[in-house]
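Thanks for coming, everyone. Let me put the structure up, and then we can walk through it together.

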Amino acid sequence: MQTEGLQASGAGAPMRPTLDEARETRRRRVCLWLAFAVAVIYIGFAVLVGFAKGLLGERIGQTFTVGLYIGGFVAVVPWLLTVFYVVWSNRNDR
Amino acid sequence: MSGTAAVDLPNATAITFFFLFIAITLAITWWAARRTKTTEEYFAAGRRLTAWQNGLALAGDFTAAAGFLGITGLISLVGFDGLVYVLAALAGWPLLLFLFAEPLRKLGKYTVADALAHCLNSTTVRAIVGLCSLVYILLFLIVQLVGAGNVIRLMFGLSYRDAVIVIGAIMMCYALFGGMLGATWVQIIKAVLMLIAAAVTIILSLSYFDFSFVTLFEQVSAKAGAAMLAPGKGFPTSWEVVSTALAALCGLANQPHVLMRVFTVPDARTARRSVFYATTLIAIFSVMTAVLGFAAAVIVGQGAIRAADPGGNMAFPLLSAAVGGTAFLGFVAAVSFATILAAVVGLVINGSATLAHDFWGGLIRRKQVVSAREQLILARVATVLLCVVATILGIAFQGQNVAFLGVLTLAVAGSTNFPTLFLAIFWRRLTVPGAVVGMLTGLIASLTLLYLSPLVQVDLLHNAHGMINLRNPGLISIPLAFFANIAVSLVTRKESGRPFAYAEATQASTRQ
């Protein structure tokens, strides 16, 4: 595995990154964005539960409340993101 | 259909099922014990499992007692607010995956301590991580013991204290003789059985509502109040909600024993696939706990649930008894018990690994080579110690909801390991002093805040009120820990150009 590109450069200008490094950088960026998305969605939900109780308690129709629907959304999206990641990442592996 | 009468008396059928199941798991553990010769096998099940098996074990380990006992109970008593706990699992596990799974896998390190010690090349760091992980593991052990104590008390009519002692002894034997492989197989079987128990209970419960969620929620509103479907019943203050969520997220994204599990598969693709299976199963389990909670509020009733345990931990077993009879109760109780046992064994093994590897190897025996045999002996000594201490403390926390307790321990993990691990992997400038001070800050802050909280002050020490009105320290201790890590690192900026871990991870270096 050739990864001397960035490593070998001491004080000089970095050489062109190898294919492996480019792939790893992209993977890292995707991972961080996915992590950020999940964190924002969940903490956002918690903030709503703590500070927007009235809104979440509103009824839609006879039985369900706004909160239950939002909760459903928060439940499903991280799972979808995981599926995306596993598929994408296995496809991108060498 | 009302709850069964006399469900809390020891019941012959239930007990028979209970022991039958325990016998099976003991047999498996004994089989596995005969194959556990090397340290690696003891710690990582020899990487021999398939993706499916690994995923199942992961899911089981992850949800464990806090899920079906704690969350179901919490939701049955407070309704909507319990979803914050449910969704924590659904978000925290993907977060763990996205942030840490790949880098750690590539580093080839079995524990958080190894990973950090590798990235920072310091045995002090290793020892500090060991200390923090031990605290966290001990706390989580207490949580599991509270859950198991209630189950045994329900089944056998023992006093809570005796129940906890019995469990402490059992878990010690399991951990001493089974090693990780045994725990893994027990986990898998338990996960399957838990799925079956929950599925059957759900189907039976939903049939009570004509399989309509609308009917379910209508009845919840009717019997337990419309407030069950809205936020407000579960948290005393608004800030505590956010604190709990933050703690749960950062703590879950960092569970040492779950991270260890990621490495018990042969290669990256299989590891990722097992992660997918685990994620799906965790999602299913989590949704189930919520549904069961709401169903229990109607079918069993909040009065009966509180009578069995003020923390609500017995909602799920009581529900299973109400819809499935006493034989089914025996099955469910046994499965719950095995769930807890396997999780506990995983924790104890991780804890003993930490003591053996990190404390002993890292701190006491610094540069010398520690023989594998010595490590194994030490691991077993550590196992005994952990079990004893956890048992004593488990007795003290009677009456608390285990999901609530669980998230408190997650607050400690989220304040110590998480910030440092995150920074070590993604930030070039983390230094050894930064990591050490950061972790200690998180540890001291979270434990101090816990001590000052109403949980300890009011419930344990019987004062009038807590010194701060926040029961979960996460909101304060986690940012504080991040700050300490970063600030001290910037101040002690000595090494420049240390290739940070993520770049190193791509080289799959074999420095150890």
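In chain B, of the contacts with a separation of 6 or more, 84% join residues 24 or more positions apart. Keep in mind that this is a predicted model. Chain B has 19 helices and zero strands. It has 512 residues, and 63% of them count as buried.

Let's take some helix pairs in chain B. Two packed helices are described by the angle between their axes and the distance between the axes.

Start with α6(B), residues 123-156, and α15(B), residues 402-426. They pack at an angle of about 175°, and their axes are 9 Å apart. Angles over 145 degrees count as roughly antiparallel, so α6(B) is roughly antiparallel to α15(B). Who meets whom? From α6(B) the list includes V129(B), C132(B), Y136(B), L139(B), F140(B) and V143(B). From α15(B) it includes V402(B), L405(B), T409(B), V412(B) and T416(B). By class, this contact has 12 nonpolar residues, six polar and no charged.

Next pair: α8(B) and α11(B). Here the packing angle is about 50°, with the axes 9 Å apart. That makes α8(B) oblique to α11(B). The crossing of α8(B) past α11(B) is left-handed. On the α8(B) side, the contact uses L216(B), Q219(B), V220(B), K223(B) and A224(B). On the α11(B) side, it uses F294(B), A295(B), A297(B) and V298(B). Count them by class: seven nonpolar, one polar and one charged.

A word on α11(B) itself. It has 32 residues and reaches 45 Å from its first C-alpha to its last. That is close to the 46 Å expected at 1.5 Å a residue. Just after α11(B) comes G301(B), with a positive phi of about 95°.

Now step back to the loop between α7 and α8 of chain B. Most residues other than glycine have a negative phi, and most peptide bonds are trans. Which way do the residues here go? D210(B) sits in that loop, and its phi is near 55°, a positive value in a residue other than glycine. F211(B) is in the loop between α7 and α8 too. F211(B) also has a positive phi, about 55°, although it is not a glycine. Are these residues buried or exposed? D210(B) counts as exposed, because it has 9 C-beta neighbours inside 10 Å. F211(B) counts as exposed with 11 such neighbours. The cut-off for exposed is 12 or fewer.

On to the contact between the chains. How many residues does each chain give? Chain B gives 42 residues, and chain A gives 42 residues. On the chain B side, the elements giving two or more residues are α4, α8, α9, α11 and α19. The largest share, 11 residues, comes from α4(B). By class, the chain B side divides into 30 nonpolar, six polar and six charged.

Helix α4(A) comes next. Its 27 residues should span 39 Å at 1.5 Å a residue, and its end C-alpha atoms are 39 Å apart, which agrees. Among its buried residues are G67(A), G71(A), V74(A), P78(A), W79(A) and L81(A). What covers the buried residues of α4(A) includes α2 and α3 of chain A, together with α4 and α11 of chain B.

Why is L81(A) called buried? Because 21 other C-beta atoms lie within 10 Å, and the cut-off is 20 or more. Not counting residues up to four places away in sequence, L81(A) touches L34(A), A37(A), V38(A) and P94(B). Now pick out V47(A), 34 residues from L81(A) along the chain. Their C-alpha atoms are separated by 22 Å.

Note on methods. Residues are numbered from 1 along each chain as its sequence is written. Chains are lettered from A and ligands numbered from 1 in the order in which they are written. This is a predicted model: local features need pLDDT of at least 70, side-chain atom pairs count only at pLDDT 80 or more; totals for chains, interfaces and linings use all residues. Two residues are in contact if their C-beta atoms, placed from the backbone, lie within 7 Å. Helices (H or I, at least four residues) and strands (E, at least two) are DSSP runs, numbered from the N terminus. Ala, Val, Leu, Ile, Met, Phe, Trp, Tyr, Cys and Pro count as nonpolar, Asp, Glu, Lys and Arg as charged, and the others, Gly among them, as polar. The expected span of a helix is 1.5 Å times one less than its number of residues. Axes are lines fitted to C-alpha atoms, for helices over the stretch in contact, and angles run from 0 to 180 degrees between N-to-C directions. Angles under 35 degrees count as roughly parallel, over 145 as roughly antiparallel, 65 to 115 as roughly perpendicular and the rest as oblique. A crossing is left-handed if the near helix is turned anticlockwise from the far one by less than a right angle, and right-handed if clockwise.
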